[in-house]
Structure formats: structure tokens, C-alpha cells
Amino acid sequence: MTKWIDCSGPDEDVVISTRIRLARNIENIPFPIALTDKSQQEVYDEINKNMNKDAYELKLMKEMADEDKYILVEKHLISPSLIESSYGGVLLNKDQSISIMINEEDHIRIQSILPGFQLNETYELADKTDDELEGNIRYSYDESLGYLTSCPTNVGTGMRASVMVHLPGITITDYVSRVFQAANQMGLAIRGIYGEGTKFLGNIYQISNQLTLGRSEKEIIENLKHVTKQIIQKEREIRKRLLTDDRIQLEDKIYRSLGILNYARVLQEVECMKLISNLRLGIFLDIIKHIDSSLINKMIIMTQTPYIKKLIHTEDINLINKKRSEIVRNLLRA
């Protein structure tokens, strides 16, 4: 089970998931960009001997099939860059609410991810895991700067807090540009579904802090929480207005989307994500009553092009689009 995908959470009509990531490095070992094979192995050995092996499953990138690696990427449990690390690995707890990446951009990247809007709970989960490691491993730390990281933008707390939000109402009404502007003024970044450098698909956005230096973990979380609450309120207001002012047109769009997803034999990625977005909106407006939101989360993950490429071992876009429609039909009829 992957908790954020299979379970419901607070404010899940707008917030799909909440994630906290902590970047850490081990004292007296060069940062990953300068690691030799020997020192990469030292990092792995140091972490492996200090973890509770009953609580985590270790997966080494060099031992995994490509499609299994990409499933972890699509689930947001590892980053695409971890796949390229010859000594890369990940430790996953049973419900995959915690993943600990080894030898990525930093020696250790602790990530917690929960369904819905749960910033405090997600941070507590990551912080507890961090404390367990720090009890046995000496981190690279400076009294003035804080935790030292490979990328200067992570120095300080080493923390990235983010929420994945579904904003069809805000996007449809072009209010999204104002959201971008307000977030930027508050020191937040808005990115695509898979973070920095990725596309905005299906009206899904990731909102996260940009600064880690000079701010405490509490300040970062409270800032993100404040902005996210305002976005949730605005999105709900717009959805209510759309439902009141033009219900027939809205229902038509949602039911047409369901029909296409149920019967299409070819689906391109952008089109598919747009249809899934409409379907998700219909579920939380109680227009569509027989589909669970967790199925939508699975659909988002399993229809991404990189995942399908690895699943059927092809670069042929026609075959990929055909397979995408098959995956959607099977999920809807399961």
C-alpha cells in the first residue's frame, strides 16, 4: 500500500498530498558530486547499519528493473536523478509514507508524504525519522548556516515542504496567474506535477517553499499553510459558483470526460490528464458517485508517459497512447 495514493486525507477535494523532504549529508564524507565508488559505498554502509531493518525495505537502484524504478518515481517516492546513481538506494516503510533516498543529490534525503492537507503531521513523521538517524550519524552542520547541502538553496533547515493541489476552478477562471504572483511574493514556488522543470498537467500544481536559510521549520510550514488555506478557500468558492451558475454545462463536461475515458482507444497524455481532472472535479462535486478518489490517484500515476514507456518497453508514441487508454479503461472497470 502507498498511503498517499490509497487513503483519504483532510481537504482532499483540493489537496491531493502533502510532502516534507529533509536534505542531509554525513560529516567528513564528500558531497555526492565528488564521491568515489568507495565513498559512495561508505555512505550506503553507514545508513544501512543504523536503520531499523524491520521497519524498512531496502531497494538498490542497480538491482531493480527499470519499470519498478519508474513506478517509484511516478508515486513520488524517489526522484528521477536517483535512478542514475550507481550506489543509489531507497528505504521504504510499510505504507510508503516514509522514503529515505541514499546517494541522490545529497547523501540522505528523508521524505514523508501523506494524503490530503497534513503539513504538521507530515513534518512530525519526517522529523522523527531524522532524529532516529541523527542519533547514530553525524551530519554536516554549521552553527551559523545550519545543515550543509550540495545545493546552496537547501542550506539551513534543508527542508522542502510542498502540497500537491488540484485547481480546476482557479485554472478555468484564469485566477491562477494571481495565485502564482501571490505565492511568489510569499517566497513560495509553484511547479508542475513532478516538481521543478516539469509540465503543468491536469490542473495539478505543486506549491513549495523556495528558501531554507534564515527560516525555521515552523516558519516555513506556517507560511505554506497560510497560503494553501487561502487557495483551498478560493478554489471551493469558484467550484460552488460554477455549479450554481452553469450546472448543466459543468455536468456535461464531466460526463463527456467519463465517457471518453471509458471508451477511448487512444489517449494522448495532455488530453488524458485534462479528462482525469474533470472526472476528479466531478467526484468531489458529488456529480460522479460511483468512483473513489484513490482510483483517480492511481490513474494519474499510471498514465504518465515515462511509466508507460518502461511498462511496454517502447518509444513508439502511438503504442504508448494506445496503452494509456487501455490502462484507464481497466481501472474504471475494475
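Residues are numbered from 1 along each chain as its sequence is written. In this predicted model, local features need pLDDT of at least 70, side-chain atom pairs count only at pLDDT 80 or more, totals for chains, interfaces and linings use all residues, and side-chain values use heavy atoms, with hydrogens and water left out.

**Exercise 1.** State how many helices and strands the protein has, and how its radius of gyration compares with the globule rule.

Solution. Step 1: the protein has 12 helices and 10 strands (DSSP runs numbered from the N terminus, H or I of at least four residues for helices, E of at least two for strands). Step 2: the radius of gyration is 21 Å, close to the 20 Å from the globule rule for 334 residues, so the protein is as compact as a globular protein of that length. The radius is taken over C-alpha atoms, and the rule is 2.2 Å times the number of residues to the power 0.38. Step 3: 55% of the 334 residues count as buried (under 20% relative accessible area, with a 1.4 Å probe and protein chains only).

**Exercise 2.** Determine how helix 9 and helix 10 are oriented to each other, and which residues meet.

Solution. Step 1: helix 9 (residues 269-284) and helix 10 (residues 293-302) pack at about 170°, with axes 10 Å apart. Axes are lines fitted to C-alpha atoms over the stretch in contact, and angles run from 0 to 180 degrees between N-to-C directions. Step 2: the two helices are therefore roughly antiparallel (over 145 degrees). Step 3: Met 273, Ile 276, Leu 279, Arg 280, Ile 283 and Phe 284 of helix 9 meet Ser 293, Ile 296, Met 299 and Ile 300 of helix 10 (contact means heavy atoms within 4.5 Å).

**Exercise 3.** Find the buried residues of helix 3 and the elements they pack against.

Solution. Step 1: in helix 3 (residues 66-74), Lys 69, Leu 72, Val 73 and Glu 74 are buried. Step 2: these residues pack against strand 2 (56-60), strand 3 (89-93), helix 10 and helix 11 (305-312). Step 3: just after helix 3, His 76 has a positive phi of about 65°.

**Exercise 4.** Decide whether Arg 109 is buried or exposed, and list its contacts beyond four places in sequence.

Solution. Step 1: Arg 109 lies in strand 5 (residues 108-115). Step 2: the relative accessible area of Arg 109 is 6%, and the residue is buried. Step 3: leaving aside neighbours within four places in sequence, Arg 109 contacts Arg 21, Leu 22, Ala 23, Ser 99, Ile 100, Met 101, Glu 104 and Asn 154.

How values were computed. Parallel < 35°, antiparallel > 145°, perpendicular 65-115°, else oblique. Buried < 20%, exposed > 50% of the residue type's maximum accessible area, 1.4 Å probe, protein only.
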